[in-house]
Amino acid sequence: MNPQKNTAPQRILVIDDNAAIHEDFRKILLKTKSVGDELFDMESALFGSEQQAMASAVFEIEYASQGREGLELVRRARDAGRPYAVAFVDGRMPPGWDGIETISRLWRECPDLQVVLCTAYADYSWQEIRRVLGETDSLLILKKPFDTVEVLQLAHAMTRKWELNREVQGRLNQLAFYDSLTGLPNRALFLDRLGQTLEKARRSNHKSALLFIDLDNFKRINDTLGHTIGDDLLKAIACRLTKCLRGSDTVARPLSSGMAARLGGDEFTVILSDLQREEDAGLVAQRIEEHLAQPMDLGRHQVIITPSIGIAIFPQDGDNVETLLKNADLAMYFAKNAGANTFKYFQESMNAAALKRLTIENHLRQATIREEFSLHYQPQFDLVTGELSGMEALLRWNNWELGNVPPIEFIPIAEESGLIIAIGEWVLGTACRQARAWLDSGLPLQRIAVNVSVKQFTHPNFLGMVGNVLSQTGLEPHRLEIEITESLLAQDPLAIAATLRALKEMAVRIAVDDFGTGYSSLSRLKEMPIDSLKIDRSFICGIDGGTGDQSIICAIIAMAEGLDLRVIAEGVETLRQVDYLRGKQCQEAQGYLFSRPLPVSQAESFLRQAFSPVASNTPAGPAEG
């Protein structure tokens with residue numbers, strides 16, 4: 001490093017009970033270089049041009065006659081943000097502290113202060129100094145009497161060492177407490193500042209708030225556009241977060257103003273240190289959502305990202321760092337489940353829901369081993385011929401502690417935890433094995449339908465798993481129909497289409513479940529190799545209520561006919577619905593009117609009676625089972 005870059009005077013403190021010594025230091029350290037100066041010429045010859053710059057350094061000197069007075073000056077300088085770099089301390093200063101006691105107290109206030117102990121040869125032994133002050137590289141001994149060269153060299157060397165130490169410490173502090181990508185405070189600094197904020201709020205009896213921010217679908221951007229774009233996005237988010245916060249919740253300002261941090265990945269936090277009203281936290285969250293959701297240009301790509309934000313208020317939502325952070329995180333989780341670009345305040349009921357979720361997940365991990373899963377089968381009928389056209393396999397879970405857990409509760413948890421991969425393989429294998437057994441016993445089964453989640457379908461081993469199951473069970477591929485959700489079609493179109501084509505090459509059928517609720521584009525639907533659409537039950541229920549849902553059903557059937565796709569109506573419960581669907585040329589239907597989902601033994605009995613046509617033997621109400 002080039003010392004010429006630092007032009008600010010280095011501050012030196014001289015502590016000595018002899019006023020004449022003060023004057024000596026003043027003459028030596030504040031002297032100006034003149035032409036023919038022998039000392040300057042000697043230093044230049046020994047140390048070169050860099051030493052020339054150091055020799056001409058500017059010092060600012062202050063003086064104290066006793067250790068106590070010097071300690072007070074050190075405190076004032078530190079508090080004013082103008083600390084001393086070096087202190088020259090006399091060894092003996094009666095009647096006050098001696099040099100070692102003074103140095104010890106100075107270091108308690110400013111541990112990085114460089115010290116020169118000015119002592120006569122017989123004042124202290126080196127062993128005594130080490131015993132009291134310890135091992136240190138911030139202390140040098142200047143034996144009395146001393147000359148000008150020694151004082152100047154020590155002043156130059158020690159002030160420069162102090163300056164370099166501060167630069168290194170600043171860099172280490174940056175690495176230890178600030179995120180290297182975004183420049184925001186990192187988790188360690190955030191936790192420290194949050195603890196200080198809560199302690200201050202507790203003493204002054206006022207409220208504070210913690211906002212926990214998670215970016216929606218950030219992984220998709222990373223996976224599709226690459227990690228470089230993902231990093232650029234995180235930096236842009238940090239910049240927007242900084243700009244959108246008002247003065248009293250500004251990022252990386254002093255503690256009294258609050259701060260934001262990056263915890264890691266795509267998770268950020270904001271501390272609102274002095275909250276006047278609880279609803280103010282919601283206003284800040286809303287402003288963050290508005291700023292972050294604006295389109296941003298990253299290279300050749302325009303990206304839109306939205307946040308999910310959880311809010312926890314001190315002290316009612318947590319009176320310590322761990323509890324407040326946990327509850328803000330939990331509120332963020334509920335906000336994310338409520339939909340993108342949403343914020344939620346923490347509520348105590350969330351803890352009960354989170355505990356229930358954790359209990360379900362823990363039991364799910366053992367459910368396959370404990371053989372707690374089973375499949376029920378719901379018949380599907382051809383509305384034209386009245387014949388049984390297939391069975392849909394539906395997963396059921398009966399846990400020894402929780403009892404019968406509805407799929408709507410445990411399937412989302414299985415997907416989020418990744419357990420759906422193993423569970424889905426069990427479902428597919430069990431359904432295909434059962435279908436093969438029914439066929440071998442002579443029962444009429446055209447196909448077996450199995451639901452597949454997005455996480456299953458996009459798993460790298462999905463196609464291999466389907467092929468292995470078909471091979472091991474001996475079920476003909478054309479008898480298997482895989483049901484995917486409409487939302488899957490909105491994801492990576494090239495990868496999804498490639499997987500669908502591979503399934504079609506295996507002769508496996510593809511159905512799009514819950515159609516009409518996923519906002520898939522017609523152009524993309526046209527390009528996908530699928531066989532049938534399943535009209536969502538919400539539209540079927542609306543047949544009896546008015547023309548809105550009827551119009552949607554007609555549009556779906558007409559579109560399917562144009563694309564040469566089969567249409568299956570889900571959730572059929574009344575004869576009026578059957579008559580309407582048959583009149584609109586809907587080919588197939590399933591629902592409680594025909595049969596509830598049945599366990600294996602009842603499903604087998606149903607299959608044996610399946611030769612009676614629906615048209616002449618449609619139940620008047622839900623079948624028992």
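You're looking at a predicted model, where local features need pLDDT of at least 70, side-chain atom pairs count only at pLDDT 80 or more, and totals for chains, interfaces and linings use all residues. Residues are numbered from 1 along each chain as its sequence is written, and side-chain values use heavy atoms, with hydrogens and water left out.

**The whole chain**

- The secondary structure of the protein chain comes to 22 helices and 21 strands; helices (H or I, at least four residues) and strands (E, at least two) are DSSP runs, numbered from the N terminus.
- Out of 625 residues in the protein chain, 46% count as buried. Buried means under 20% relative accessible area, exposed means over 50%, and partly exposed is in between (1.4 Å probe, protein chains only).
- Take the contacts in the protein chain with a separation of 6 or more: residues 24 or more positions apart account for 71% of them. A contact means heavy atoms within 4.5 Å.

- Five strands make an open sheet in the order 2-1-3-4-5, with parallel pairing. Two strands pair if DSSP finds at least two bridges between them.
- Strand 2 (59–64) and strand 5 (139–143) are the edge strands, each pairing on one side only.
- On average, neighbouring strands of this sheet are turned by 20° against each other, direction ignored. Axes are lines fitted to C-alpha atoms, for helices over the stretch in contact, and angles run from 0 to 180 degrees between N-to-C directions.
- Six bridges pair strand 1 (residues 10–15) with strand 2 in the parallel sense. Look for Val-14, whose bridge partner in strand 2 is Tyr-63.
- Helix 4 (residues 99–109) lies across strand 1, strand 3 (86–90), strand 4 (114–119) and strand 5, and runs at about 155° to strand 3.

**A hairpin to find**

- Strand 7 (residues 259–264) is mostly covered, with five of its six residues buried.
- Strand 7 and strand 8 (residues 267–275) run antiparallel and are joined by five bridges. Ala-261 stands opposite Thr-269 in strand 8.
- Together, strand 7 and strand 8 form a hairpin with two residues between them, and Gly-265 in the turn has a positive phi of about 60°.

**Helices that cross**

- Two packed helices are described by the angle between their axes and the distance between the axes.
- The axes of helix 11 (residues 321–338) and helix 12 (residues 348–367) come within 10 Å and cross at roughly 80°. That makes helix 11 roughly perpendicular to helix 12. (Under 35 degrees counts as roughly parallel, over 145 as roughly antiparallel, 65 to 115 as roughly perpendicular, and the rest as oblique.)
- Residues making this contact include Leu-330 and Phe-334 of helix 11, and Met-350 and Arg-357 of helix 12.
- The residues of the contact of helix 11 with helix 12 divide into seven nonpolar, two polar and two charged. Ala, Val, Leu, Ile, Met, Phe, Trp, Tyr, Cys and Pro count as nonpolar, Asp, Glu, Lys and Arg as charged, and the others, Gly among them, as polar.
- Helix 12 also packs with helix 13 (residues 407–417), at an angle of about 75° and with their axes 10 Å apart. So helix 12 and helix 13 are roughly perpendicular to each other.
- Among the residues that meet there are Ile-360 and Leu-364 in helix 12, and Phe-410 and Ile-413 in helix 13. By class, this contact has five nonpolar, one polar and six charged residues.

- The peptide bond from Lys-144 to Pro-145 is cis, with omega near -10°. Pro-145 sits in the loop between strand 5 and helix 6 (148–177).
- Phe-314 and Pro-315 are also joined by a cis peptide bond, with omega about 10°. You'll find Pro-315 in the loop between strand 11 (307–314) and helix 11.
- Asn-205 is not a glycine, yet its phi is positive, near 60°. Asn-205 lies in the loop between helix 7 (187–204) and strand 6 (207–215), and is exposed, with a relative accessible area of 71%.
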